Amino acid sequence: MRPLLRLLGFFRPHLGWVAVAVAGMVGVAFSAVFMLFLIKPVFDEVLVNADQAVAVARAARADRIPQVGVVKALQEWFDVAKEELRRHLPSDRSIILLLAFLAVVSKNVFVYLGNYAFFRSGLGAVKDLRDRLMDALLAQSAEFYQRQPTATLMSRATNDVEQITNAISDRLSNLFQDSFTLLGVLAFVFSLHFKLAVASVIVAPLLVWPLVHFAQRLRRRAFQSQERLGEMNTVLDEVLKGQRVVKAFCMEAFEAARFRDATSKHFRANLRARKVQAMTAPVMEILGAAGFLALFAYASHLIGRGEMTVGTFSSFLFSLYALYAPIKRLNNVNVALQTAIASAQRVFQVIDAPVVVRDAPGARTFSGVRTEIRFAAVQFAYEPDKPVLTGLDLVIPAGQVVALVGPSGAGKSTLAQLLPRFWDVTGGAILVDGVDIRDYSLASLRAHIGLVTQETVLFNTTIRANIAYGQKTVDEERLRRAAQAAFAEEFILEFPGGYDAVVGEAAVRLSGGQRQRLAVARALYKDPPILVLDEATSALDAEAEAVVQRALDNLMRGRTTLVIAHRLATVRHADSIAVMDGGRIVEQGTHVELLATGGVYRRLATLQGMVD
Ligand SMILES: Nc1ncnc2c1ncn2[C@@H]1O[C@H](COP(=O)(O)OP(=O)(O)O)[C@@H](O)[C@H]1O
Ligand SMILES: [Mg+2]
């Protein structure tokens with residue numbers, strides 16, 4: 001129940017339209033009931049000759065005495081309208097027909113109005129829900145995405161929201177529309193002729209029960225038939241695929257018998273389903289006729305005694321008919337509602353998921369590095385009991401390039417992700433000029449860090465927007481300087497449209513090296529004081545690597561940089577090289593110093609053919 005209430009809460013900003021929708025549906029109910037009411041005068045006063053009219057008028061007087069409730073109100077209203085229209089129209093007949101037509105028109109105008117307003121508020125509420133979900137997704141940290149596979153989240157934002165949309169636009173609109181009409185018509189039926197109404201209520205289940213019963217049986221039988229079809233297809237598939245084997249073993253007769261067996265079973269199951277199907281309509285009609293004929297018998301008795309006119313009875317029959325469709329539709333509402341609630345529950349779970357990495361209360365604004373970035377006894381584990389970093393110490397002096405090397409799986413990428421706080425450390429701290437980065441706001445910290453990784457994500461938009469990603473206005477001069485320094489302009493200008501070419505379109509297929517150069521251009525445009533490069537060239541061939549490396553050299557100039565490298569040759573000129581192993585730094589120094597030490601670095605360098 002709670003998710004439903006919360007879902008309804010999303011209608012709050014759209015209450016104006018909800019009110020219009022309710023008004024529309026009330027209008028529909030009134031017009032529909034008035035249409036049903038007019039059936040009586042149509043039969044008693046329009047569709048009769050003069051003699052009959054006199055007799056009917058006499059009967060009608062008798063008929064009019066017990067008038068109560070809805071019918072009484074309608075009768076009064078109808079009398080007034082008739083009085084008014086008599087001045088303009090020649091006969092009562094034309095007045096009644098005109099009123100009937102007006103009732104039909106008004107009902108349909110209200111149907112349109114009510115539906116429009118209903119969809120307007122319903123679809124608006126769903127849109128708000130979806131936007132709210134996206135906000136929640138964007139606020140989430142890496143740890144959340146670790147637990148929730150992308151496909152699941154996609155399904156929340158698409159399938160589940162779509163389920164809710166369907167429930168609202170198909171079923172709830174019915175529930176909404178039908179319940180007003182249903183109440184109106186029921187009130188009308190009971191005030192039209194109470195005894196007859198009671199008699200109908202007793203007869204009604206007789207008509208509804210077979211409908212439900214047969215539908216259930218049909219579903220069961222259809223399912224069985226479907227299963228047999230599957231078995232049959234299996235045999236067919238095996239024989240077709242294995243036809244050489246069948247021939248080689250002279251198994252034709254055996255397979256033919258096997259298939260006959262399957263087709264017979266399918267035939268019987270299918271026939272059983274069709275039998276139920278064939279039986280439904282006739283049984284319904286017979287039972288329906290029995291019910292209606294009983295009603296007719298009772299009605300003829302009432303008409304004979306002058307308690308009711310043919311018109312009243314017709315009005316009554318049409319009303320019963322008008323009840324049938326809404327009741328049938330309401331039958332499905334519960335299922336749709338349950339589906340929508342289940343979907344809403346899943347959507348709210350995502351919206352409510354706690355955000356682990358977030359701003360501390362009163363977080364400070366980060367403004368750059370003055371002396372150093374320091375990793376102090378940093379510990380980190382993705383999962384408890386599986387430590388990745390075990391007390392790591394590392395200093396990156398402002399403006400310097402520190403390289404991080406080590407075997408694959410050592411935790412280098414993990415370390416790189418801690419700096420922009422994609423994850424928070426589980427022990428120790430990362431300090432910038434002595435201040436814990438957790439004391440800074442996420443937005444200000446990340447605004448000062450540039451990140452280039454092995455995998456570059458480009459968005460399905462122009463090259464320009466990809467380079468100036470996140471900037472509201474694009475400075476053309478700065479854009480071109482960034483692209484030039486990243487050696488990207490040379491290929492960008494070859495695309496049709498140049499900077500306005502859209503990434504991902506057929507004409508704009510980018511090689512790995514080109515993607516990395518765009519990533520470098522993006523970082524250059526952002527111009528952050530801190531830079532993290534995580535194996536930005538490892539996926540490239542030697543030729544592409546050379547040009548991207550030159551682009552990276554341009555990017556690193558004057559920035560405090562942590563560069564992770566797989567190939568040692570790319571970092572031999574770094575100010576300092578730290579070697580990581582077993583979750584901590586095991587050696588640190590310049591290329592020359594580390595070679596002289598003869599430790600892990602020298603071993604790696606030898607493996608990569610850098611030492612003779
Ligand atoms: N998202 C993650 N969830 C769980 N374990 C991870 C995740 N990313 C990396 N690891 C594990 O952490 C360790 C370090 O990985 P990583 O930092 O990628 O190493 P490197 O970049 O040095 O190759 C590895 O054992 C890896 O399996
Ligand atoms: Mg890595």
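## Gln-454 and its contacts

Setting aside neighbours within four places in sequence, Gln-454 is in contact (heavy atoms within 4.5 Å) with Gln-516, Asp-534, Glu-535, Ala-536, Ser-538 and Ala-539. Gln-454 sits in the loop between strand E6 (449-452) and helix H15 (463-467). Helices (H or I, at least four residues) and strands (E, at least two) are DSSP runs, numbered from the N terminus.

At 38% relative accessibility, Gln-454 counts as partly exposed. Buried means under 20% relative accessible area, exposed over 50%, and partly exposed in between (1.4 Å probe, protein chains only). From Gln-454 to Leu-102 is 352 residues in sequence and 71 Å in space, C-alpha to C-alpha.

## Basis of the model

This is a predicted model: local features need pLDDT of at least 70, side-chain atom pairs count only at pLDDT 80 or more, and totals for chains, interfaces and linings use all residues. Residues are numbered from 1 along each chain as its sequence is written, chains are lettered from A and ligands numbered from 1 in the order in which they are written, and side-chain values use heavy atoms, with hydrogens and water left out.

## The chain as a whole

The chain holds 21 helices and 10 strands. Its radius of gyration is 39 Å, well over the 25 Å that the globule rule gives for 612 residues, so the chain is more spread out than a compact globule. That radius is taken over C-alpha atoms, and the rule is 2.2 Å times the number of residues to the power 0.38. Along its principal axes the C-alpha trace spans about 125 × 80 × 50 Å.

Of the 612 residues, 42% count as buried. Among contacts between residues at least 6 apart in sequence, 76% join residues at least 24 apart.

## Helix H12

Helix H12 covers residues 333-352. At 1.5 Å a residue, its 20 residues should span 28 Å, and its end C-alpha atoms are 28 Å apart, which agrees. The expected span is 1.5 Å times one less than the number of residues.

Buried residues in H12 include Val-333, Ala-336, Ala-340, Ala-344, Val-347 and Ile-351. The buried residues of H12 pack against helices H1 (2-9), H5 (92-139), H6 (142-147), H7 (150-192) and H11 (310-330).

## Gln-140, between H5 and H6

Gln-140 lies in the loop between H5 and H6. At 9% relative accessibility, Gln-140 counts as buried. Not counting residues up to four places away in sequence, Gln-140 touches Tyr-145, Ala-353, Pro-354 and Val-355.
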